[in-house]
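The sequence and the model come first.

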Amino acid sequence: MLKSLLIPAVVLLAGNASAQVAAPAFEDGPGPNMVIEVAAADGTAKGTITLDLLADAAPKHVERLVALAKQGAYDGVVFHRVIDGFMAQTGDVQYGKQGGNTSMAGSGGSDQPDLKAEFSDIPFQAGTVGMARAQSVDSANSQFFIDLAPAPFLNGKYTVVGQLIDGWDVLNSITKGDEQQNGAVQTPDYMAKVTITE
């Protein structure tokens, strides 16, 4: 998911990969919020990321994220694809569990059906959360990504589901992948615990 469609973005961002982006300043909306406890590959706690989920903009996608989080499906799932100056991707509950064989992480989803796109006019900025998908715009399932920098080339092409409201430093500390390998991470950090607060 996102595998082939974001390859051009790697080329576009190669020159700005290490550019530092200011922390986004977004207010906490009506929620729900997704709270992600991030851990390094060795289990060391790195801190917490809080995402304000935008149920008004993408109700079906937010409903899916909330359901999977409440089931514990996201606990232990790695950040399998992280591109410096672009985004951090996670959420493959099928193939992305930390401690297992994650070589196929990024190609799976959940046991639920794929979702129909819920595009909006919300732009992809630093901290924006989007749903990962394959070629079809209606193929998002469980994977999502958080932008590390503005990504206007994604506007109107991916469903926006949320915005980071806390933990910018933690997000930026997530272990980056190899840009030559489309951001694949050899020893990825992971979501140790994911909870939902209303």
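Rings of Phe, Tyr and Trp (its six-membered ring) pair if their centres lie within 6.5 Å; planes under 30 degrees apart count as stacked, over 60 as edge-to-face and the rest as tilted. The model is predicted, so local features need pLDDT of at least 70 and side-chain atom pairs pLDDT 80 or more, while totals for chains, interfaces and linings use all residues. Residues are numbered from 1 along each chain as its sequence is written, and side-chain values use heavy atoms, without hydrogens and water.

| Pair | Class | Centre to centre | Angle between planes |
|---|---|---|---|
| F86 and F153 | tilted | 5.7 Å | 50 degrees |
| F124 and F145 | stacked | 5.8 Å | 15 degrees |

F86, in the loop between β4 and β5, and F153, in the loop between β7 and β8, are 67 residues apart. Strands are DSSP runs (E, at least two residues), numbered from the N terminus. F86 is buried at 1% relative accessibility, and F153 is partly exposed at 27%; buried means under 20% relative accessible area, exposed over 50%, partly exposed in between (1.4 Å probe, protein chains only).

Both F124 and F145 are buried. Together with Y158 they form one aromatic cluster. R133 lies over the face of Y158, 4.2 Å from the ring centre; the criterion is NZ of Lys or CZ of Arg within 6 Å of the ring centre and within 35 degrees of the ring normal.

Strand β9 (residues 190-197) runs antiparallel to β1 (residues 33-39), joined by 7 bridges; strands pair if DSSP finds at least two bridges between them. E37 stands opposite K193 in β9. Strand β3 (residues 77-78) also pairs with β9 in the antiparallel sense, over 2 bridges, and V78 has Y190 as its bridge partner there.

Conventions: Helix = DSSP H or I, 4+ residues; strand = E, 2+ residues; numbered from the N terminus.
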